Amino acid sequence: DGSDLKSETEGGDDSADTVDDFDFDAKVGTLSKAQLADLSPSAQLEKWHEFLLPVEVDIMSELDGTNLFFINAESLICNLILSKEVSFDENGQFLALVYAIENQLHNIKSSGGLFRLVFFDCMKKLFSAAFGESLWAFRQSFLVHCQVRGIDCKVFSSWYDPEWSRHIAIWRPVFLLLADDAIEIEEDEEEEEEEEEEEEEGEEGTTDKPTLATRLKGIFHAMMLRCLASKIHVVLLRGLERHGNRIMAFIVEPDVYSSFVDQNMQRSLTAFFAREDQEEEEEDGGEDEDGSVSEALQAFAKRAGDKVDGNSLLRSFLSVRFAQQTLTMCAGQNEQTRQLMQLVVKALFLHEILLRQIPMDKRSYGAIEAADWELFAEHISTALERYLAQISKSLGKLHEESVPQELQLEACDLYDGRMYRHIFRFLVEAGTSGASKIEADFFGFESWVATELEFLWSEAGSKGSFFPIATSALAKLPGITPPEPPPKIRPRPKPELIDVKSEFCASLWKAEQFNHVAVVEVSEDEGGGLGVLPGKYKWHEAVPFLDEVKKEEEMERGEAEKKLEEKLKAKTGKISQRDADYQRKFVMKRRQLALRALHSYAKSLTGSDKLHPPIIMKEQKDGEKDEQDTKEKGKAKDAKEKEKDTQKLSKKHLELLEKRKAEEEEKVKEFDKQQMKQWEPRVEALSDIIDVAKLETNILDMMMGFSRITDEFNGFPALAAAFKTRDAQAKIFVKALKSIKAALKKMQPERLPADSQAQVRRLVVYVFCMVQEGYNSFNKQLDGKSIKLMQEILISMGFPGAAALMFDCWKAERSRELGAQAVASEVQDAGKDDKKKKDVKKGKEDKEKEKEKDKKDKKDKKSSKDDKKKDDEPTGAAELEKELQSYKVTKDVEIVWSGVGSDECAFQLLHMGQYLTRSVGNQKDPKERVRFRPDKWQMDLLDIVDDERSALVVAPTASGKTFIGYYVMDSVLRADNDGVAVYVAPSKALVNQVSA
């Protein structure tokens, strides 16, 4: 769409019209105001829509369609009409369109969707101009149908109505489902003449005044743009498909919202809607009926009593109101006009009676087209438009006054244009074929039908009787003769097999000599007299597979099965018991393989492979245990031999390995150095952010990456992907904390308004989790200054207890590390002294005395050195303690947010439950019955099942209850072939999950 539009910025080069390829850079992106400034609001909206790039998703799982979302009812109607799924132009069958809409809603609901229909009254002008009065009358009837049937629905004047904005803010739907079609409207001749007159008069601004077709063409796009302003995803009806429990559709995200285009369209359409409402009030000012529609309907119901069926009450009431107006208009007209208008009304009453008796599937008979009958197209269609307009008006008032609760109204089958044309043609043909009137006996109605017709005719204000229907004056009316009905469609003939011949093969056969080909003469008796192909493919036999499921279970015969069949056929004698057992086991194995393949196919369709893995219980025999121990010993032996091989490497080889390792480390450090230069500006920019949402987004993007699925800081995926060494990652982490500390100080979250405190609390939670994960990931890389910075951030946010606990853990860990380093250095010094002693013993004998003296001096020196170390040891430990203690924050820190309160634990349990570290389930099952670390209560459940006892499990959702059901079923079914497991599922979704 729009590929042939000229570029606004390039001055409209003519060569752009000849380009057929999609220019991605020009059509997808962000529009600037300069590109839209010179365009009208409608053109701006069209330009904005060209730049959209919807994405296909599963709206049930990815957009959380199981929560409440809104569906625009007018979009559903237009989508069915424009897609040609329902023919509504001339037929106007209300019931068929209701069925199609409810079928779509049923598909959404059966997939787990929770929706509400929303109606907009401002769509009346679009429906009337694009589709005629019949479609708006249907919309009004469908609205009453939803109210009567209890379908969740809500009506608004327009999407610019403040009531709509309040409704969105209160309910917060996850998305809005609407149409994305541009409605093409033909210009009315009267409107075109008015525009030409205004242009001739030279009125100011008329040249740029948008036409009706221009205003209404993109009305669904304007609705989409307004919904995006509320930060709600828009799902498009076009392309919506159901695949099992998934519903795939294209979505438009709120990021593409343009406030400039939205404000211009709002000003344009709001003024247009107000002007149309004023004109409608002026037109209807003198035509309003006295009294309310609800009161008139109740009075009609009392007069009708048992004469009119309750389900047909509303349709009969609307037909009578139209008949009253039509007969009043006939007063003072000539006999020909009066009989024609009476015939229109009586055909409508017969139409009302037959709608009750003929179901929808029997209304597919052939009927003449309205355009083929001059009388119907010029006169009768106008009367029907008045009838449909009155239906719209009456149902609108009935909705405003609320539907009477005591009346069970049926509004889904108010009109059927195909049936009315058929009835009217039947009456005209019967009345003009020779007889001047049509008697009641002509139809063969039962008595109650005649009684009801007489009642309706009297309610219309006529003093005479319904029968006979006078048609004497209509014989000379121009165009009264109806066209012939369409011919009856013949059923499709049964398929027959024909002799297919190929001219190419015939000519090739004559031109070439195929000496190596033997011509086979096939007799008529082969294949049961059915010819070559039927005999070869056994078309005369029954089809082997009628069940698709069994067809999927059946596997293609493999080479092993073919060999088995040939082996059994080769045995001319009796098949032995051994052969029979082998064949039975072979068939069972193939069946198991087929079921396994079908199970894998089901998992790929339903996603059930993410469920609990199969439980395998296998008892090992003594021989198997010994064999397993032997394998483990062999693995240990191989590891020792490998270690010996590494020790046998030459000194030069080891030097090369060390050199290569040093080069690799140098490359890694250089890479991290370059990455550091790129990351430092981004990290420093965090300190200048004072918007809570922006700071939160930047922190998550920097630490976890743009492709994150959850908001957990486990391992800092973005840092791990950007830097290869832990030291570089720790440096960036510390710098980010410094910038966050500065940003919080500038932001002053404590002083932000109350409506922003929820977002501030979420930011505090993220920063706390970031500090916690940083301590767990970079504990060895964090120095004293870094740990002091982390304490200050936690204290400033209201977590002094967590800060003190973190420092104590860091101090204890660092003390252990320093102590271990001191012990290692002492061991190294002792090793050097022993080496020197060995060298002295290997000296010459003539220098023994000197060496003995040296030994004595060294011993004295060592003893004095050890004594000095012992004297200095308490002093060194004290200094170490003092140095580590200096990094503890003791001074007062400025509090930037006091929302945590006095109880840190309560805040963490209330707002950080999903981020807390799980401290249970760290013990493996000694019996290895499951492949995860069960909690204590899960271990007890396993023991209960093994002891064949009963248990009632009560635990929150997603806490690990379902696994025990699989374990029980697996245990029962493995025990013997007669065991039965009964699983009672509370919901249909769970049934589908378990059955897969």
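**Close-up views of a predicted model**

**View 1. The loop that holds D64.** D64 lies in the loop between β1 (55–58) and β2 (68–72); helices (H or I, at least four residues) and strands (E, at least two) are DSSP runs, numbered from the N terminus. This is a predicted model, in which local features need pLDDT of at least 70 and side-chain atom pairs count only at pLDDT 80 or more, while totals for chains, interfaces and linings use all residues. Residues are numbered from 1 along each chain as its sequence is written, and side-chain values use heavy atoms, with hydrogens and water left out. The phi of D64 is near 60 degrees, a positive value in a residue other than glycine. Most residues other than glycine have a negative phi, and most peptide bonds are trans. With 33% relative accessibility, D64 counts as partly exposed (buried means under 20% relative accessible area, exposed over 50%, partly exposed in between; 1.4 Å probe, protein chains only).

View 2. R172 is placed in the loop between α8 (162–171) and β5. Its phi is near 50 degrees, a positive value in a residue other than glycine, and at 44% relative accessibility R172 counts as partly exposed. Strand β5 (residues 175–178) pairs with strand β6 (residues 233–236) in the parallel sense over four bridges; two strands pair if DSSP finds at least two bridges between them. The bridge partner of F175 in β6 is H233. β6 also pairs with strand β8 (residues 246–252), in the antiparallel sense over two bridges, and V235 stands opposite I251 in β8.

**View 3. The packing of α14 and α18.** Helix α14 (residues 313–330) and helix α18 (residues 447–459) pack at an angle of about 50 degrees, their axes 8 Å apart. Axes are lines fitted to C-alpha atoms, for helices over the stretch in contact, and angles run from 0 to 180 degrees between N-to-C directions. α14 is therefore oblique to α18 (under 35 degrees counts as roughly parallel, over 145 as roughly antiparallel, 65 to 115 as roughly perpendicular and the rest as oblique). S316, V320, Q324 and L327 in α14 meet E452, L456, W457 and E459 in α18, where contact means heavy atoms within 4.5 Å.

View 4. F467 and P468 are joined by a cis peptide bond, with omega about 0 degrees. P468 is found in the loop between α18 and β10 (469–470).
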